[in-house]
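Please open the model in a viewer and keep the selection tool at hand.

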Amino acid sequence: MRNLLLFTAISLFSSGVLAGPECTTTDSSKWLDKAKFQEDLKAQGYEIKVFKVTDGNCYEIYGWNKDKKKVEIYFDPVTGKPVKEEIEE
């Protein structure tokens with residue numbers, strides 16, 4: 001019983017920590033084109049290793065910024081603006 005409670009507590013805590021942001025509730029037909037959006041990021045100096053759409057309706061990239069620092073960034077797929085950004089120093 002004790003192990004079950006511990007497992008449940010850890011599961012609840014970790015799911016909240018790992019959850020990404022909610023970016024939009026706008027229908028995906030109104031989102032920026034994925035390929036064009038990635039090309040625009042590359043033109044700004046980003047190197048994209050992984051591009052995906054999250055459960056929170058964000059465009060998310062893993063890669064490097066123009067300063068060659070490792071980044072994980074969530075973007076609003078309607079506006080293209082960053083919602084959350086983590087840069088490895």
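**The disulfide**

Begin by selecting Cys23 and Cys58, both of which are buried (under 20% relative accessible area, where exposed is over 50% and partly exposed lies in between; 1.4 Å probe, protein chains only). The model is predicted, so local features need pLDDT of at least 70 and side-chain atom pairs count only at pLDDT 80 or more, while totals for chains, interfaces and linings use all residues. Residues are numbered from 1 along each chain as its sequence is written, and side-chain values use heavy atoms, with hydrogens and water left out.

A disulfide joins Cys23 to Cys58, with 1.9 Å from S to S (a disulfide being a pair of cysteine sulfur atoms within 2.5 Å). The structure holds one disulfide. The link of Cys23 and Cys58 is right-handed, with 95° about the S-S bond.

**The nonpolar core**

Next, select Trp31, Phe37, Leu41, Tyr46, Ile48, Phe51, Tyr59, Ile61, Val71, Ile73 and Phe75, the 11 residues of the largest nonpolar core (a set of buried Ala, Val, Leu, Ile, Met, Phe, Trp, Tyr and Cys residues joined through side-chain atoms within 4.5 Å).

**Asn65**

Finally, select Asn65, which is buried, with a relative accessible area of 9%. A polar atom of the Asn65 side chain lies 2.9 Å from the backbone nitrogen of Lys69. Not counting residues up to four places away in sequence, Asn65 touches Gly45, Tyr46, Val71 and Ile87 (contact means heavy atoms within 4.5 Å).

Methods. Polar contact = N/O pair within 3.5 Å; in protein donor to acceptor, adjacent residues only side chain to side chain.
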